[in-house]
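Work through the exercises below with the model open. Try each task before reading its solution.

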Amino acid sequence: MHKKYIVRLTEEERHQCASVVDKLKGTSQKGKRANILLKADSDGPAWTDQQIADAFRCRRQTVENARKKFVLEGFQQALEHKTPKISRPTALDGKQEAQIIAMRLGEPPKGYGKWTLRLLARKAVELEIVASISHETVRLALKKTA
């Protein structure tokens, strides 16, 4: 079967993987990934994914993922298994959070015994504190103050 992600290690990368395996540097998972990369190297042993999975007691999918990560993200990412942090802008700024917290501390509307997250979200939109908001976002804002 033709592989989509071909691993070709440089001499330095091979040496680094061998160093991790020989000296047991890092976690056991790092050692396993180093072994996988060494055996998957097309300029080296070029084992099949199933052979690698059997040898290192992991799933074939683990080997495929290691290959893919090596090709798409580079050697260090594949070896360390670091995932890039994705940061999203916050839904509420400090002033909006403060208004929702203040609303929560006040009396609930007539007909309600207490504030619910959905009621707070509806009221925040109604009072034009925010254009739209999820009850989950309200929960997270209130969780910070608990």
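**Exercise 1.** Classify Ala46: buried, partly exposed or exposed?

*Solution.* Ala46 has 41% relative accessibility, so Ala46 counts as partly exposed. The classes are buried, under 20% relative accessible area; exposed, over 50%; and partly exposed in between (1.4 Å probe, protein chains only). Then check the backbone. Ala46 is not a glycine, yet its phi is positive, about 55 degrees.

This is a predicted model: local features need pLDDT of at least 70, side-chain atom pairs count only at pLDDT 80 or more, and totals for chains, interfaces and linings use all residues. Residues are numbered from 1 along each chain as its sequence is written, and side-chain values use heavy atoms, without hydrogens and water.

**Exercise 2.** Find where Arg57 lies, and decide whether Arg57 is buried or exposed.

*Solution.* Start with location: Arg57 belongs to the loop between H3 and H4. Now accessibility. Arg57 reaches 77%, so Arg57 counts as exposed. Last, phi: Arg57 is a residue other than glycine with a positive value, near 50 degrees.

**Exercise 3.** How many helices and strands does the chain have, and what is its radius of gyration?

*Solution.* Count the elements. The chain has eight helices and zero strands. Helices are DSSP runs (H or I) of at least four residues, strands (E) of at least two, numbered from the N terminus. Now the dimensions. The chain has a radius of gyration of 26 Å, whereas a compact globule of 146 residues would have one near 15 Å. That radius is taken over C-alpha atoms, and the globule rule is 2.2 Å times the number of residues to the power 0.38. Along the principal axes, the C-alpha atoms fill a box of roughly 75 × 35 × 25 Å. Finish with burial: 32% of the 146 residues are buried.

**Exercise 4.** Which elements give two or more residues to the largest nonpolar core?

*Solution.* First, the core itself. The largest nonpolar core holds 19 residues, and those with the most contacts inside it are Leu9, Cys17, Ile36, Leu37, Phe70 and Phe75. Such a core is a set of buried Ala, Val, Leu, Ile, Met, Phe, Trp, Tyr and Cys residues joined through side-chain atoms within 4.5 Å. Two or more residues come from each of H1 (11-23), H2 (28-40), H3 (49-55), H4 (60-73) and H5 (75-80). H2 gives the largest share, five residues. Now take Ile36. Leaving aside neighbours within four places in sequence, Ile36 is in contact (heavy atoms within 4.5 Å) with Ile52, Phe56, Cys58, Thr62, Val63 and Ala66. Another core lies apart, with 15 residues, among them Ile100, Ile101, Leu119 and Ala124.

**Exercise 5.** Take Ile101 and Arg118: which helix holds each, and is each buried or exposed?

*Solution.* Ile101 lies in helix H6 (residues 94-105). At 19% relative accessibility, Ile101 counts as buried. Beyond its neighbours within four places in sequence, Ile101 contacts Ala141, Leu142 and Thr145. Ile101 and Leu120 are 19 residues apart in sequence and 9.3 Å apart in space, C-alpha to C-alpha. Arg118 is part of helix H7 (residues 117-126). With a relative accessible area of 53%, Arg118 is exposed. From Arg118 to Ile133 the C-alpha to C-alpha distance is 9.5 Å, and the pair is 15 residues apart in sequence.
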